[in-house]
Structure formats: structure tokens, C-alpha cells
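Here is a quick tour of one protein chain, meant to be read with the structure open beside it.

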Amino acid sequence: MASAFRPAWWLPGPHAQTLWAALLRRRVDSGWQGCKRERLTTPDGDFLDLDWHESAARGASLVLLLHGLSGSSRSGYIVGLQQALAAYGFRSAALNFRGCSGEYNRTAWCYHSGETSDFDYVYRTIRRREPQTPLAAVGFSLGGNVLLKWLGERREGADLFAAAAVSVPMVLNRCADRMDRGFSRLYRDQLLGELKAYIHGKRLHLARIGAHREAERLERLGDLRPIRSFWEYDERVVAPLYGFRDALDYYRKSSSRQFLGAIRVPTLIVQAADDPFLTPDILPAPDELPAGICLEVSPAGGHVGFVAGSWPGRARYWLEERIPAFLRQESSGWGSQKARLSVGVL
């Protein structure tokens, strides 16, 4: 269906939307400072950091947030959404994928577009603690792909009242191709530079803490400096680290579009047709979507942009309006359904 988003007139085109949202929006650090960090030890002895925004009492609806590539819980779109969710009465917890919380993790493993086990571990941990709490989840870009894939893998086992995913690279190989064209190469080069620097720094860190076997796994990847595309990076780094045959095998197994038909949770997917990270042909056909998925496609919005407002000093981040409103609507319906189930009406 068509999106109600109307882009700010002073941010014409996909790149203005993308860059403003990523670089130029005023920092909302006050929201992050209101968060409490929790460290979870993973089954393999590593750790994951969650940043909690407790805007309501324990037992109130809780929204789990997943950031994008090279992002974190401090990314503007995460902090902004946590503040917006608090205004709607939701609690929230932002997951930092491994190595993204400001501290290197303890193994060569990190995260990738199809790695759902860490999120599943977080979900199961919280569900055990709070079996009656209404849960939802929101993912952005890579985090959106992880979320949609997880929802499809879990099917009826995903005990969420709703989910939302934004700017999702649903077909990874086509998105990798897109990043090699035009202005998108600047985004590609920036992201690849960050990834390569991270691998280098992490290798040194693992050696310093005595995790020599893990450091050697990264050392065996060789000199990553010549890499100039996501195809090369995923062939040289992601595939060998995570047991894929090659980059194409990784893309085929990790792309979320193939999992959409199995999703049983009411899900909002927000995409922009002009997203410089994606291509329109990654969008699913209507017959690929189950009844519970609402796909909203806006002609404009860029990549995790969706900036509205009459003037730069009055920028509005539309996702922080649309997503909480969707979650509130679904939370109300979920509560009514649970109540009817409890008295045997359904």
C-alpha cells in the first residue's frame, strides 16, 4: 500500500534524506543517557549489551530494537525511536549486535544480515523473565533483515504482538550490486572502511586479551585493504567466518524476502522506492505476503531517512510517528484477543 509519508521540501532526493537523518539531525543523547545498560552472557561465552529505556512499570509493553550495519543503540534513529516509544507508554530495549556497544566482543564472530541466533537468545531470555509482557520488535536496515528472517524462522513460535522493519535489504545480492553504482559507492566505501577498520582493531584486541585462537581466525582473512565491494567483503570475511560456501551462498540463505510468507506476527514494513541502498525489484509481490504483513512503499525517503517538517529547525522524523502508532494499534488489538482467549470466546 502507499505510504502517508511526505518528505520535507528542503531535503529533495534520496541522498539528502539519507545523509540528513544519518549525520545532520541534532543528537538526542539525553534519551540515551536515560537508558540502563545490561550485559547478557551468550551460550558461547561472549556477551551482548542491551540498552533499556524503562518509561513505564515492569509488565508494560516492551519493544526490542535492532540497529543497522555499523550502527548501535546510540544511532540517532534508535535513540529517537526510544524517546518516541516512551511518549506512547512503551518500554524499550535496544540490542547492540556483537562488538557494536563501544567495546570489542570476545570472539572472532560478530554479526551479519542473516545471523538470528543472538536476537533469538535475547528474545528467549526476556520471554523467560517476563512471560506475560506484551512484546514487539523493530529492525532497521540490516536489523530489519535479521528481524524478518527470524520471524519467518519462528513462525507461530514468535510470541510478539507486532513487528516493524524499515529500509530492509530483502534480497542481499541485488543490494550488493546496487551499492556498486553511482553515488551509492560513497556509502559503500564509508561502510567498508568502517568494517575493515573494525576487523583490524578487533584482531589486535583479541591478541591483547589472550584470545589467540580467535585472533588467528581474523589473521587468516588476510589483507582486507584492497577490498572495494560488498561482494568481495562477504566473500573474504563473512563467508569463511560464518561457514558459508561463498558470498552468493550467504546472500541466498540470509535474504529475508524468502521468509516473508512464513511470518505470523502482524508486521509493518516501510520502504522507500528511492532508497540508494536498495532496488525496487527486491520488493515482494502481493501474493508473497501473508495477510498480517502491511508493506508501505513511499516514493521518497532515502535509506532510514523519512524526514518531514516545514523547515530544517522543525524537522520531523516520520518513522517516530508511524511506528509507535502502529504498535499502539496492534497492542490494543492483541490485548483484546488475549482477553477473549482467556474466557474461552475464541
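Predicted model: local features only at pLDDT ≥ 70, side-chain atom pairs only at ≥ 80, totals over all residues.

## Surface and charge

## Overall build

The protein chain has 11 helices and 10 strands. Its radius of gyration is 20 Å, close to the 20 Å the globule rule gives for 346 residues, so the chain is as compact as a globular protein of that length.

Of the 346 residues, 57% are buried. Looking at contacts with a separation of 6 or more, 77% are between residues 24 or more positions apart.

Why can strand S2 (residues 47–53) be called largely enclosed by the rest of the structure? Because 7 of its 7 residues are buried. Phe47, Asp49, Asp51 and His53 point one way from S2, while Leu48, Leu50 and Trp52 point the other way, and all are buried.

S2 pairs with two strands in what follows. Strand S1 (residues 36–41) runs antiparallel to S2, joined by 6 bridges, and the S1–S2 hairpin has 5 residues between the strands. Within that hairpin, Gly45 takes a positive phi near 85°. Strand S4 (residues 91–96) also runs antiparallel to S2, here with 5 bridges.

## Two residues to look up

Is Ser254 buried or exposed? Ser254 has a relative accessible area of 1%, which is under the 20% cut-off, so it counts as buried. Ser254 lies in helix H10 (residues 247–254). Leaving aside neighbours within four places in sequence, Ser254 is in contact with His112, Ser113, Gly114, Asn145, Lys149, Leu172 and Phe244.

Arg316 is partly exposed, with a relative accessible area of 38%, and is found in strand S10 (residues 316–317). Again skipping neighbours within four places in sequence, its contacts are Phe306, Val307, Ala308, Gly309 and Glu321. How far apart in space are Arg316 and Gly210? They are 47 Å apart, C-alpha to C-alpha, and 106 residues apart in sequence.

Note on methods: Residues numbered from 1 in each chain as written. Heavy atoms only, no water. Helix = DSSP H or I, 4+ residues; strand = E, 2+ residues; numbered from the N terminus. Rg over C-alpha atoms; globule rule 2.2 N^0.38 Å. Buried < 20%, exposed > 50% of the residue type's maximum accessible area, 1.4 Å probe, protein only. Contact = heavy atoms within 4.5 Å. Pairing = 2+ DSSP bridges.
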